[in-house]
Every structure is written in structure tokens, then in C-alpha cells.
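Subject: Structure handover and notes

Hello,

Here is the structure for your set-up work.

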Amino acid sequence: MKTCLCGMGLVATALALLVPLACGQAAAEYRDHTQAAGIWPQQAVRRAHGMVATDEELGSQAGVEILKRGGNAVDGAVAVAFALAVVEPAAGNIGGGGFMLARMADGHTTFFDYREVAPGKASRDMYIKPDGTLDKELSVVGYKSVAVPGTVAGLELALKTYGKLKLAEVLAPAIHLAEDGFPVSEKLARQLEGERAELQQFTISRRIFLNEGRIFRPGDTIRQPELAATLKRIAKNGAAEFYRGETAQMLVDDMKRMGGLITLEDLSQYQPKVRQALHATYDLDGHKWDVISSPPPSSGGVAIIEAMNMLHNVSLKGWDDAQSVHMVVETMRRVFADRSAYLADPDYSKVPVDGLTSDCYAKELVATIDSQHASSSKTVKAGTPHVCGVSAANDAAPRTISLNDGPHTTHFSVVDAAGNAVASTYTLNNSYGSHVTSSAGFLLNDEMDDFTTQPGVPNALFGLIQSDANAIAPGHRPLSSMTPTILLRDGKLSFVTGSPGGPTIISATLLSVLNWMRLGMDAQAAINAPRFHHQWLPDVILMEKDFPAGMESALNAQGYQTRRRGHIGLVNAIGIDPKTGERLGAADPRDNGAAVGY
């Protein structure tokens, strides 16, 4: 096994992610849904040329439309992102941020980081009330929860780097959807009803998304003329329109009027980052596998590689085998313990990524697992990572942790006829973000809540001191667990994956990789397979309801506490048939995802 991270001349950081399992916003990937697993699609969508897998069929269709017009995977991905900003307002966005991992057929690979940043007026204790307690509402709803958006700048950068088409061409499907409207689905109607209490607090949100109190029903047409006008300006003037033009002025005027923090200077200074992807190689059953994943400020890639290293020589039979689940759970426990301690914005801090992803360190961690009994998170702590050939330092692991990461994102995957591939995950943070819609027609994030909002104070749930490393500071990027990931088999594109879901992003993405690479599942089976999650603290296994009762009993007998959840993550993946080269679109049926190809 070999890993490397050669990004921007910095030793990047393994980021921590630890959030309470009960979140204020009931994001789609956390909700129970009525569709039973028995009626889920059992076969992936097979097509010879291109494939797009997203949460929304209209988003997938927009991407395929661009591929058919001669665009490549990056063109298609940018079209999808703009289209989802129209048809999936819970997470699709131009008022948020995210990551895009692009792997081109010639081998060039780039990670685009367009994560939001804290405004210049932001301060460490801005959400602390005079009595010293945290204002839990201020960082998640309303204008003060909004960080400087990065999506438009990031999408333009990706398009300029690898795209074949012009920005106006890839924006055309989104403009059409916003201007002419689209039918409200049952899913969207359900979401809007669920978010009514927060959306109705803001005039424009109430008018656009709640239809001035008349509530959209399935089949109604929803139109967004202000958003269409904004998209047209961006199509004409590029990202400069969003950050320095009329749209920027509209957003800043909103902020001044309603007590927000973002200024014209914040917008004009925003810059997306180009980073080197994290890369590991494995030899398995006569094949060489490459795992390409997300570097910091994503915490996910480091966690995925560390987990894959630990499991490399562990026998896995499947998720109907209690021993296999046990070993993966104990791996998750140790990975999350490390991630809780070693974290920071990579532009401001250094953490031992090379050590965390070394196979020597992984072997040491595996040796601490009791093959028959559950460990206790009271005794399992963050380790002392080191590279092979170098002894572990005597320094104790950091004793502070980060607890913040929003639950609602959306992930999509795109593969074109030439074999170019994109895995992309972006977000408003909580479902519908801050619930504020700007006068320019787009929803704004509540990404400020992804910072540690009360550093130095014991967390109420776990009694652990919250870390200063993820504290609010002007220009800093908050930590994230978004983990777009691409697999190669014998040097050829094999699997494109990722998920939303706060801390469960890592588990859902890891399991999809293990299902495809280690267990040999076909693409749709790899997505349909039941999921589980352990994040070190709280010391409990989350299990999807599809797990048989006998499995839960077996884990309880090993000493685990377990808790059922309807669904974990929403993975939209694309596999490649190694014999035919066909694209295998495997959208997640847990919330009616859609794979569309040609």
C-alpha cells in the first residue's frame, strides 16, 4: 500500500468530524422514507457513453443534455450544479460551497475547493450571549449565519481548467428551469412543508418557496424569476458578476439592511483553491487499485485512506456477517478518534496526514482491536500517527475536539464518453441553509455553524473541550466531511462515489468503496446494501432499519450499543463495467435519486 499527498507545498491536515447525532435540521439523508427496500432498483442504469447520477432527475437530465452537446464530464458537472441550485433548493446552491474532484482520462486529477469562508467581521465569540451561553439559533438561521459563498467561483474555475464549453452554454438548462419552472415533486412538497417554520420568517423565502402561504402541492409549477435573472447575469459576466457586480451589490445591500456580516470586500476577495487530491494504492486479488479522495479542508479523504489501510489485510465477508461489521466498526471508531483530535484549516495549520495515512500506523491501530469484543470509546483515544521508519512521537494527542459539521449536502457523479470523471459534493450546510433567500433569488448558507461556535467550553453532550483549531476567524474555511472519491482499477476508471450526511458521509462513502472494491458487489448493490456508522463518540452503532434483528443481537452480545435509523447517507455513484466499459449509474433509492445516461 502506498499513499501520497503533494498539495500546495503544505503538509495537509487530517480534519476532525464529530457532531451530535441529533440535529436541529432534519436533512433528507437523516429522515425516514416510505419507499421500502424491496422495491428499490436492483440493477444499475447501463449506458455506453455518458452517465450522471444525482438526487434529482431534472439535475441528471441537465448534465446529460450538456454531455450530448459535446461537453465533457466537467462541463456536465457544472451544468448539474447550477441546475440543482434550482430544482434541489435544500442543498443545491449558488449561495453555498463545496468540493469537486475531477479525474481526466489523460490522468490529470484536480481537487477544487470552493468551501465558504468566514466574513471579515466574523469573530471567535460572535454567537456567545452576554451570559456566556451559546445562542443556538443565531448560527443556523438568519443573516448572521451566512459565510461568504464559494460555489460560483469554484464552478467557473473548474470549467476554465478542464471544460470544453462556455459558461453560458452550461448554464442554459438551469436558466430554463428557473425561468419556465418545473413540476413540484412529492419529495420537494414534503421538504417545503417540513421547513415552513423557518422559511416563513423571511419575506422572499416565504414568497418563492411557500407560495405566500398557499403551500406547493405535488404537480404545481414553481418558478424562480429572480434566480433566473441572476443566472443570466452570471452567464453573461462570469463569476465576477456574483462577487463584484450587480448580484454582489444586491447581496451586500441585504446584509446591511438585515444585520448580516458579508461586505463587498469579502466577496471581491474570495478565491477558490486548487489542491492536490489524496491518493493511495492497493494490490488486491491480482489487481492494482487506486483510491483518489479529498484532501483537507475535507476530513473525509484522510479518514477513508486510514480506514482502508487498517482493513487491507482484514477478511471481509459482507454485512450479514457480524465479524465483518465488528471489524469495520472498530476501524471507524479509531479513525474518528484520530480525526477528532487532528484538525484545522490546512491554510493555517499543519497536522500529520502522512502519519495518519501510513500503513505502519494502520497496522498498529488494527493490533489494538479485540477480534471478539467491542472496544470502549472511554479507552480508545486518538493515536500518535507516524510514517514508516519513524518512531511515534512521545507527544500526547490533542485533547480538544471539533464537533461541528452540517448534515445536509448533495452529491453527484458524472462520467463522459472519453472516460473523464467528476465526483462533486456541495452544500448549504443545514437543509435550506440559513433559510434566507437573497433579493437576487438564491438561498444562502448557514455555514458559520460549521465552525466551533463555543471554543474552550466543554461540550454539553460529551464533556470534551471544543477545539480552537476550528474556531471562527476571518477568512478561515470551516471543517468539512464532504468526501468525493474516485477509484481506478489497473489504471482505468472504475468507480465514482460520494455522499451527503454530516459525520455519516465518511461511513457511507467508505462502505460504498468497500462494497465495490473489496466485496465485488455490482454498482446498484453497492448502493443498496445496508449501512452502519460509528463516530467514536457517542459510543453507539447507528444501523439502518434493513439490518436483520439477528445482526443487531449479535453486535449487542459483543458489547455494542446500537440504534436504528431509517437511512444513512445518499450515495450517487457510477461504476464502470471492466469487460464492456459501459457506465453503470447507481443512484441512491433511499430518497429517489436518479441516474440518467446515453
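Predicted model: local features only at pLDDT ≥ 70, side-chain atom pairs only at ≥ 80, totals over all residues.

Residues are numbered from 1 along each chain as its sequence is written, and side-chain values use heavy atoms, with hydrogens and water left out.

Overall

The protein has 18 helices and 20 strands. These are DSSP runs numbered from the N terminus, helices being H or I of at least four residues and strands E of at least two. Of its 598 residues, 64% count as buried; buried means under 20% relative accessible area, exposed over 50%, and partly exposed in between, with a 1.4 Å probe and protein chains only. Among contacts (heavy atoms within 4.5 Å) between residues at least 6 apart in sequence, 74% join residues at least 24 apart.

Strand 12 (residues 421-429) has nine of its nine residues buried. On one side these are A421, A423, T425, T427 and N429, and on the other V422, S424, Y426 and L428. In a regular strand the side chains alternate between the two faces of the sheet.

Strands count as paired if DSSP finds at least two bridges between them. Strand 4 (residues 97-103) runs antiparallel to strand 12, with seven bridges, and R103 has A421 as its bridge partner. Strand 11 (residues 408-415) is also antiparallel to strand 12, with eight bridges; here T409 is partnered by T427. Strands 11 and 12 form a hairpin with five residues between them, and G419 in the turn has a positive phi of about 95°.

Strand 13 (residues 485-489) pairs with strand 14 in the antiparallel sense over five bridges, with R489 opposite K492. Two residues separate the strands of this hairpin, and D490 takes a positive phi near 55°. Strand 14 is also joined by two bridges to strand 18 (residues 573-576), again antiparallel, and V496 stands opposite I574.

The second largest pocket has a volume of about 630 Å³. A pocket is an open set of points on a 1 Å grid over the protein atoms alone, where a 1.4 Å probe fits and protein lies on both sides within 12 Å along at least five of seven lines; lining residues have an atom within 4 Å of a point. Points are joined across faces, edges and corners, and the volume is the space filled by probe spheres set on them.

The lining has 30 residues, with R489, S494, W516, I576 and P578 nearest the centre. Elements that each supply at least two lining residues include strand 14 (492-497) and helix 16 (504-518). By class, the lining has 12 nonpolar, eight polar and 10 charged residues. Nonpolar covers Ala, Val, Leu, Ile, Met, Phe, Trp, Tyr, Cys and Pro, charged covers Asp, Glu, Lys and Arg, and the others, Gly among them, are polar.

The sheet of strands 15 to 17

An open sheet of three strands has the order 15-16-17, with mixed pairing. Strand 15 (532-533) and strand 17 (562-565) stand at the edges with a single partner strand each, so one side of each has no neighbour in the sheet. Strand 15 is antiparallel to strand 16 (residues 541-544), with two bridges, and H533 has L542 as its bridge partner.

Regards
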